[in-house]
Amino acid sequence: METEQAVLLLGGLFAFIIIILLGRRPRRAKRCRWRKSMTGSRGSLIKYTCATCGSEAYRSNGKPDSCLAKLKTPGL
Ligand SMILES: [Zn+2]
């Protein structure tokens, strides 16, 4: 009985590790993670910074939809 329990425990641990490893797989960074920057906001324009590519954008009506990394001009 003890060996069976140990096998079950190890199996569960192994599965847990696999799930964590799969979760950490690098995803294709198509979508940006926009984060509000409170310090860079200008009046009604709120500064958003992308956590994935580091680009910046100013928006007054919510987060930007797409990534602005390929654009060289500031995303106004
Ligand atoms: Zn981005």
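In which sense do β1 and strand β2 (residues 45-50) pair, and over how many bridges? In this predicted model, the two strands pair in the antiparallel sense, and five bridges join them. The legends below take up the whole chain, the helix and then the sheet.

**View 1. The protein chain, with its elements in the order α-β-β-β from the N terminus on.** The chain holds one helix and three strands. Of its 76 residues, 7% are buried, and among the contacts between residues at least 6 apart in sequence, 6% join residues at least 24 apart.

**View 2. Helix α1, residues 2-23.** The 22 residues of α1 should span 32 Å at 1.5 Å a residue, and this agrees with the 31 Å that separate the end C-alpha atoms of the helix.

**View 3. The annotated stretch, residues 6-23.** An unreviewed UniProt entry carries the annotation "transmembrane region" for residues 6-23. Over these residues the model is 100% helix and 0% strand, with the end C-alpha atoms 26 Å apart.

**View 4. The open sheet of three strands, in the order β1-β2-β3.** The pairing throughout this sheet is antiparallel, and its edge strands, each pairing on one side only, are β1 (34-42) and β3 (56-59). Neighbouring strands of the sheet are turned by 35° against each other on average, with direction ignored.

**View 5. The pairing of β1 with β2.** Five bridges link these strands in the antiparallel sense, and at one position in this part of the sheet R35 stands opposite T49, a residue of β2.

**View 6. The hairpin formed by β2 and β3.** Four bridges hold the antiparallel pairing of β2 and β3, and I46 has R59, in β3, as its bridge partner. Five residues lie between the two strands of the hairpin, and in the turn G54 has a positive phi of about 85°.

Notes
Residues are numbered from 1 along each chain as its sequence is written. This is a predicted model: local features need pLDDT of at least 70, side-chain atom pairs count only at pLDDT 80 or more; totals for chains, interfaces and linings use all residues. Two strands pair if DSSP finds at least two bridges between them. Axes are lines fitted to C-alpha atoms, for helices over the stretch in contact, and angles run from 0 to 180 degrees between N-to-C directions. The expected span of a helix is 1.5 Å times one less than its number of residues. A residue is buried if 20 or more other C-beta atoms lie within 10 Å of its own, exposed if 12 or fewer, and partly exposed in between; C-beta atoms are placed from the backbone. Two residues are in contact if their C-beta atoms, placed from the backbone, lie within 7 Å. UniProt positions are given in the numbering used here, feature names are shortened, and annotations may be inferred rather than shown by experiment.
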